[in-house]
Each structure stands twice: as structure tokens, then as C-alpha cells.
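Subject: Structure for your review

Hello,

Please find the structure below. My notes on what was found in it come after.

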Amino acid sequence: MAAVRVRWRRRLVAAALGTVAALTAVVLQPAGTVPAERTAERTAEQRPGADGALRRSVEAYGEHPGQRVTVHWQPRRALRGALVVLHGGYWSYDTDWEHWARAFARRGYAVFDAGYRLTPEVPWPAQRDDVLAALRWVRDNAAGYAVDPARVGVLGSSAGGQLAVAAATYGAGGELSAGVVALSPVASPYRAWLDGGGPGATAAERRLRASTERLAGCVPDGTPSLSADPGCRRAWWSLDPRSTASGRDDAPMLLLHSAHDFAPAYHSEEVAAAELAQGMPAEDVRVRVVPGSAHGMRLLTRPGVVGEIEGWLRGRIG
């Protein structure tokens, strides 16, 4: 029994000493010191480029529910460039750009993921009008995000690529945007309509054909004149950025497609030819074709594409 009592005393003493040591560590901790795990968390939040340093807000640039921008940015004092993202989705639904918006925000941009009114609720040119309104809102509110209003770029994908190029060429497009990157832009919806009705058209091409009809609000007659109806003809022609290309007044463009894209590179090649014919410097309009069949946002997963985009943007919006 005596041996048992000795063992219990030793255990009680050890426990008491452990408690005293723990209390001493807390009491003697220097003022302002936080536990190691909280220090690690705070460091991760403050480290430039860390996910925790990003802020996110949703703002309205118009009264319609679709007229919203989701902003991702890191607090800072020095002015930076902004990137306005235009989603794809056949002009009829939103696609999720959260991952890539955050990725570009971690590279130092303030990123504005802009929505726009969709078909069939609202036909063209409401979508282009919304993009122009979103760009004006970003410039007007640039100071709140430490953005230089002269350094606003656009990144559009698929249907959003068509809108990005349309904004770049509408009026003096260079006044609202310092540069446009378009991934698989459906720059000629009429050509897409023709391709989707041809023999051997893929499901994606047929779907794109139907979506262009909803966007235009009418069906062309299939001839080079587009339609016998003047209103329908004007709608289809205004969908094509070539109809407003003005050369030096337009925003510089980097236009990317894959080799087997269902929105082929000729969409962008025709835009580039129109811009060059209007006097745009050759270095301000570039068409790039990468291997594979990726379309739109998926082009960002191809080797070297994000680096090329970032390098191009750095030369225009910093």
C-alpha cells in the first residue's frame, strides 16, 4: 500500500508541475504575442498573393439583377491595373469564373467579374450595352479599389469574348479599355450560324447556331446578304465587330483559339484583317492558335497560355 501511495504522489506532483509550467508560459508570454498557430494564420492572410488577403464584394452597375460585378482585390495604396472578366455561356447563362478571377487577383489586378443581361429575356444589343456600362462603372469607381482608370483591361470567353471584342471596337473602344484578351471569341455569330447548319455540324456548333438566333432575335435567310428583312440584316451585321472596327481608335486585342476549336480562329482573323485595314498597328492585334481543342475558359489550362496573357496584359495595364 505504501508503494501505491508513493506512485500516486509522484503522479500528482508531475501533473501539478505540468499545470504550473503551462500557466507560466501564458503569464510570461510577452505582451502582444499570439499563439504560434494564430501567427501562422495571420501571416498567411497578410502575405501578398495569399488567398486570405483577397477581398470580395458584389456591386450593381444597373438596376437589372444581371447588371452586377463581383470584385476580387487585395488592399493596397499604389495604383494598379483592373481586369474586367466577361463570362461565356451562349449569351444565355452565366459560367463560373470565381477560380480564375481569384487567380488573376492574386497576380495583383483588381478583378471585376461582370454579369450582363441574358437571352432570351433580352436580345442584342443589350449585352454590348451592359459591357460598356460595366466598363464605365469600373472607371468611375476605380479609386475605391486603387485602380488606375487608364489601365482597365478586359478578358472575355466564348460569348463573352464576342462581347469583349465588340466593346473594343464600338466607337472609340480604346477610351474605355486599354486592352482586350478574348478566348475563343465568337466574333462572327453569322458565320457560327452557317457552320451550325452545315453537314457534319457538331452538337456544340448546332447549339451555338441556335444561341445566335436568340441573340439576334431573328433568323437570317442564309444568303450572304443575311436577310431580306432590313431590321434582321442590321441586327446580324451589328453582332460582328467588323461592322464597327475603326483601327487606331480601338482597344488592342489578343485573340486566342485552339487548333480544333468549335469557334475557329477565322472569327478572330477576320477581325484582325478589318482592324489592320483601318490602320491599327500590327502589334496591337494578335491572333494566337494553340494546340488541342480547348474552348473558352479551358484555354487557360493549356501550357503557357496564362503566362502569355499575363505578359501581354503587363505591357498594357501593368
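Arg209 sits over the face of Trp193, 3.9 Å from the ring centre. Arg107 is placed likewise over the face of Phe104, at 5.9 Å from the ring centre. Please note that this is a predicted model.

Phe112 and Tyr145 are both buried. Ring pairs also link these two with Trp73 and Trp137 into a cluster.

Another edge-to-face pair is Tyr190 with Trp236, at 6.1 Å centre to centre and 75° between the planes. Tyr190 is in helix α6 (residues 189-196) and Trp236 in helix α8 (residues 230-238), so the pair ties together parts 46 residues apart in sequence. Tyr190 is buried, with a relative accessible area of 11%, and Trp236 is buried at 2%.

For the chain as a whole, there are 10 helices and eight strands. Of its 318 residues, 47% are buried. The accessible surface is about 15100 Å², 55% of it from carbon and sulfur atoms.

As for confidence, the mean pLDDT is 86, and 84% of the residues reach 70 or more. Over residues 1-51, pLDDT stays under 50. Where pLDDT is low, the predicted coordinates should not be read in detail.

Regards

Key. Residues numbered from 1 in each chain as written. Predicted model: local features only at pLDDT ≥ 70, side-chain atom pairs only at ≥ 80, totals over all residues. Heavy atoms only, no water. pLDDT = per-residue confidence, 0-100. Contact = heavy atoms within 4.5 Å. Helix = DSSP H or I, 4+ residues; strand = E, 2+ residues; numbered from the N terminus. Buried < 20%, exposed > 50% of the residue type's maximum accessible area, 1.4 Å probe, protein only. Areas by Shrake-Rupley, 256 points an atom, 1.4 Å probe, with all protein chains shown as cover. Phe/Tyr/Trp six-rings, centres within 6.5 Å; stacked < 30°, edge-to-face > 60°. Lys NZ or Arg CZ within 6 Å of the ring centre and 35° of its normal.
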